[in-house]
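Q: Could you walk me through this model, starting with the overall picture and then going into a few helix contacts?

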Amino acid sequence: MSQTIMADVKKKEAEKKIKRIGVLTSGGDAPGMNAAIRSTVRIALYNGLAVSGIRRGYQGLIEADIDDMQIVDVGDIINRGGTKLLTARSEDFMTEVGQKRALDVLRMFEIDGLVVIGGDGSFKGAKRLWDMGFPTIGIPGTIDNDLAYTDLTLGFDTAVSTVVSAINNLRDTSSSHGRVSIVEVMGRHCGDIALFAGLAGGVEDILVPERKFDLDEVARKILQGRRRGKLHSIILIAEGVGKSYEIAERLEALIHQEVRVTVLGYLQRGGTPSVTDRILGAQFGQRAVELLLEDKFGRVVGIRDNKIMDMAIEEALNEPKRFDQDKYDLAEILSL
Ligand code: F6P
């Protein structure tokens, strides 16, 4: 690093409120979290900040499972799914005692600001710390894409690609046996994974919690396809709809054709992150650190209309999730 930049970093150091930041991942892991950790750490170090890595989310924070992080500590992780910092869902942190303990630990380790990578539950935790006066920034990391304020959450793009490659495989075996394949995907109460993967995978029907479905109508479309010589069909069901095996039994009775169920489960949570998730992770990490340096706290970063944006955590958590009806209608027409 040249003399002038060194001098510049030194001057900035003296001025800054924030001298050390902490970073943690919380809740369900998501591909791209490592890209965000890597970016947060390297952008912070580049700006002369010190960085503490907190393992196992808020639970690790309460238990002071913390270590210093240097540039080398985030090498060779951008291509890895999961999270280098590990994660957990912390019941203790839901309590006032747990939150107070977390604050004490942050002070004990001289951490001045915290970057939280996770979903809505993790953001509620970040907001709680900010309400207690501690500077926090949230990075949206969940495969569910269920945070309304941002067009994309980290991990969603990779999870959708994982589902589409599963659909490709299942189409081979369903068409070979002339069967109907029901594929259950994750998403909690949000149908985005099913919707996007269904449209990209060219499936025959998509069932999501946001829209009522009529199984007789699903059966009618399959029978119509069969009359046209289609021997197999793929039906994508978001886990929020529920009971895929029960739906399969009822459908089999309606169409008199073998129906097989595949629950993709945790396959959707892992895997090397897509280009989109790697770049988003890099950009989200950069903006999170910038906000702390600009003394803008209690905010979350996101992407809207291809632009990195940020807003107050509270506002972000209160935004109502919009269902992408256009994609749903398009998938419907294309499956006819
Ligand atoms: O939020 C991510 C997610 O994978 C959801 O899609 C799923 O419903 C849930 O987490 C599973 O939670 P857990 O990992 O605690 O079983």
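Q: What should I keep in mind about the model and its numbering?
A: This is a predicted model, in which local features need pLDDT of at least 70 and side-chain atom pairs count only at pLDDT 80 or more, while totals for chains, interfaces and linings use all residues. Residues are numbered from 1 along each chain as its sequence is written, and side-chain values use heavy atoms, with hydrogens and water left out.

Q: OK, how many helices and strands are there in the protein chain?
A: The protein chain has 12 helices and 11 strands, taken as DSSP runs (H or I of at least four residues for helices, E of at least two for strands) numbered from the N terminus.

Q: And what box do the C-alpha atoms fill?
A: Along the principal axes, the box is roughly 75 × 45 × 30 Å.

Q: What share of the residues is buried?
A: Of the 336 residues in the protein chain, 52% are buried, where buried means under 20% relative accessible area, exposed over 50% and partly exposed in between, with a 1.4 Å probe and protein chains only.

Q: Switching to helix pairs, how do helix 2 and helix 10 cross?
A: The axes of helix 2 (residues 33-46) and helix 10 (residues 275-293) come within 7 Å and cross at roughly 35 degrees; these axes are lines fitted to C-alpha atoms over the stretch in contact, with angles running from 0 to 180 degrees between N-to-C directions.

Q: What about helix 7 and helix 12, left-handed or right-handed?
A: That crossing is left-handed, and L195, F196 and L199 in helix 7 meet K327, Y328, L330, A331 and L334 in helix 12. This contact has seven nonpolar, no polar and one charged residues.

Q: Last topic: where does UniProt place a binding site?
A: The unreviewed UniProt entry places a "binding site" feature at D120, though such annotations may be inferred rather than shown by experiment. D120 is found in helix 5 (residues 120-131) and is partly exposed, with a relative accessible area of 33%.

Note on methods
Left-handed = near helix turned anticlockwise from the far one by under 90°. Contact = heavy atoms within 4.5 Å. Nonpolar A, V, L, I, M, F, W, Y, C, P; charged D, E, K, R; others polar.
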